Amino acid sequence: MSTSAELLAVAIVLTNLALLGSSRMGGLVRAMVVQGLAIGAFPVVAWAAGVSAWAVPFGLFAGAIKGLVFPWVLMRTLRRTGVSREVEPFVSCGMSLVIGLVAFGVAVWMGSRFSLDGMAYPTRLIVPVALFTAFVGLFLIVSRRKALTQAMGYLVFENGIYLFGVALVGELPFLVEFGILLDAYVALFVMGIATYQINREFHHIDTDRLSRLKG
Amino acid sequence: MDGAPLLIALLAVPFVAAVASLLVPSPRGVLALLFATGLAVAGLAGLAAWTVADHGPIFAAGSWLFLDALSAYNLLVLVVVYLSSTAYAFRYFADEHEAESWTRRVARQFGGLWAGALGAMVAVLLSNNLGILWVGIEATTVLTAFLICLHVTSVSLEAMWKYLLICSVGVGLAFMGTLLVAKSAVPLALDPAKTLLWTTLRDHADQLDPATARAGFLFLLVGYGTKAGLAPMHSWLPDAHSQAPAPVSALFSGFMLNAALYCLMRYLPIVEGACGHSGWAQGLMVTFGLVSILVAAAFILFQQDVKRLLAYSSVEHLGIVTLGLGLGGLGTFAALFHTANHSLAKTLAFFSAGRLGQSHGTHEISVLRGTLRSHPVWGAGLLGGLLALIGVAPFAPFMSELLVARAAVQTGSTWTLVLFLAGLGAVFVGALRYALGMAWGRAEREPLPERHNALDVVLVVVPLVTLLILGLWMPAPLEAALNQAALVIGGTR
């Protein structure tokens, strides 16, 4: 059983590396699909390991939102803005991968210092993977130019925090969990419309060129 | 009296109004609906606050909703800010209506988001569940983003994107903090449905795992601090405040920042309790408060745009509130008093700056000169608001700042006092220069003449008189309310 949880953890790490190393928007969205589904599967696997059955519908719901609905919104925005690749990110994709590997090492070290008393989930990997995912999200936000890639970074960051929550407190009350997903959905929706408006106003979505407000 | 239905109604009214305002046919009708919503919420809030003062906290929805002295006080401040900003919106958008940029579509968008933002802020104040508290704060972020670029321009989009991204990430960090605080309660083996309840965590604060609770507070301080505009996480704030329409800036500064700080007020007794009241969390609050005051003071000295000036002043004042909370005791009392004073003075200043900006066509400080002569009502509002904000006696902010200084003396922290006074002094000198120039300076070109009606006069005179009265005399009910609210933050110490 715990092997399947570990397989999921490895899948999430690999999607993070794909997000860091890819410059094609289509590739980024595909990585988001896999990551969202893997995160949704975590509670389901844990249920098989004997955690409360309530985790299953939550996991399926979160997986559907993160793995299907979010990427769909992203794809729609992509089509409307006609952007296909992240050209010249501030940190090149190769360098991003190297930084990502270092960050993974740090995340594993931090995770090893974390007390797992009373934790619901059957793998030691989950805390480091959650921290790594949150870091990758933040890194994408600061190192990429396109508004849409930054929005993806925000979603990856959210994924990391969600996983952290799953690891730390097991199940949150339904209403809280629902509220969190709803907020993330609305945030993405707003970011999508904003990207579209930025594109219409400026004819590009390079956020580093939005620099008139200073001081 | 059972107040549970009151809380449910308080939460439901704004969201119903948000949906309803999408169906209203005329732009003026939208504003009328928003104002009626404010009146309804004000009535309910007044009734609820009165019940709390008489009979203690009200609970509803299986203890997920509650109202105690602290949230009741903040709720009343919110109601005042919301009502005055909505009334002001009538005047502000009337001019835009003539310029045909206030269309039915824009009005409906404004209505839905404005009432929705009110609902999210009410949800923050009523929530006993720390998860829902977080959901409410994040909801204010996503709902207010489009209020900043109500009129889509390149700079308003830039400000909105910055706001959305910085605050979403900041508030995400606050969620990690929330989770860590929940983790610190794992040793208690509480019922999972109750783990996140503030009342439960407060009652068991001394049994929480201190190391995890501390780690959680760090994340919470940075996360909610970002949303509250504390330096150095404030970079979104001047952009958003300067680009948003004036009623939105007023609501942002007047209450949205307070709402984020309110979350920290809730966590303070929990984390201090977990650390055995060692003052660790309070020390952090003092540091962040002082840094905010000093950073804001440095930026205020070099401003060219009056709305950016007011935005930095918000960083300063939220810093003062944070400092007061960190000092504890009398400081907590002063901090709560200061939130109301700042909200009143800052909404007045933003109202005036917005109207003056409309008739001058810009918010440049160098253009807005001699406003007292050309615009007697709003010129006086801006001068009065700025004087109150920089702490001129006998306006009420002077009194609350004096109380914060006294709290610093009582705790014996000389350096805190010195830095605090240095920051206030720099702001005083820097902003007074602008205030005098804008009031009496010589204008280079004639602006559009002022067209004011009774509503404009009321919106200027009422806050100014209130600030004067509160500066000279504190009514007994207000003092009692402040004391009770401070007791909630002070914990059982």
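The domain assignment of chain B comprises domain 1 (1-128), domain 2 (153-278) and domain 3 (279-493), with bounds that come from an automatic or database domain assignment. The structure is a predicted model, in which local features need pLDDT of at least 70 and side-chain atom pairs count only at pLDDT 80 or more, whereas totals for chains, interfaces and linings use all residues. Residues are numbered from 1 along each chain as its sequence is written, chains are lettered from A and ligands numbered from 1 in the order in which they are written, and side-chain values use heavy atoms, with hydrogens and water left out.

Domains 2 and 3 of chain B were examined as a pair. Taken over C-alpha atoms, the centres of domain 2 of chain B and domain 3 of chain B are separated by 23 Å. In domain 2 of chain B, 37 residues are in contact with 35 residues of domain 3 of chain B, where contact means heavy atoms within 4.5 Å. About 3100 Å² is buried between domain 2 of chain B and domain 3 of chain B, and carbon and sulfur atoms give 73% of this area. Buried area is the accessible area (1.4 Å probe) that two parts lose on being put together, summed over both. Within domain 2 of chain B, the residues that lose the most area to domain 3 of chain B are Ala231(B), Met265(B) and Leu268(B), together 17% of what that side buries.

One salt bridge is counted between domain 2 of chain B and domain 3 of chain B; the term denotes a side-chain nitrogen of Lys or Arg within 4 Å of a carboxyl oxygen of Asp or Glu. Asp239(B) and Arg308(B) form a salt bridge in which the closest N and O atoms are 3.0 Å apart. Between domain 2 of chain B and domain 3 of chain B there are also 13 residue pairs in polar contact (both at pLDDT 80 or more). A polar contact is a pair of N or O atoms within 3.5 Å; within protein, one must be able to donate a hydrogen and the other to accept it, and residues adjacent in sequence count only if both atoms are side-chain atoms.

On the side of domain 2 of chain B that touches domain 3 of chain B, at least two residues each come from α8 (210-228), α9 (236-243) and α10 (246-274) of chain B. Helices (H or I, at least four residues) and strands (E, at least two) are DSSP runs, numbered from the N terminus. The most residues on this side of domain 2 of chain B, 15, are given by α10(B). By class, this side of domain 2 of chain B has 23 nonpolar, ten polar and four charged residues. Ala, Val, Leu, Ile, Met, Phe, Trp, Tyr, Cys and Pro count as nonpolar, Asp, Glu, Lys and Arg as charged, and the others, Gly among them, as polar.

The contact between the two chains was treated likewise. Chain A contributes 45 residues and chain B 43 residues. The area buried between chain A and chain B is about 3700 Å², with 78% given by carbon and sulfur atoms. On the side of chain A that touches chain B, the elements giving two or more residues are α5 (126-143), α6 (147-169) and α7 (174-202) of chain A. Of these, α7(A) gives the most, with 16 residues. This side of chain A divides into 29 nonpolar, ten polar and six charged residues.

Over all chains, the structure holds seven salt bridges. One of them joins Asp206(A) and Lys146(A) (2.6 Å, N to O). Asp206(A) lies in the segment after α7 of chain A and Lys146(A) in the loop between α5 and α6 of chain A, 60 residues apart. Asp206(A) and Lys146(A) are both buried, that is, under 20% relative accessible area, with exposed meaning over 50% and partly exposed in between (1.4 Å probe, protein chains only).

In chain B, Arg355(B) and Asp456(B) meet in a salt bridge (3.8 Å, N to O). Arg355(B) is in helix α13 (residues 330-360) and Asp456(B) in helix α18 (residues 454-472) of chain B, 101 residues apart.
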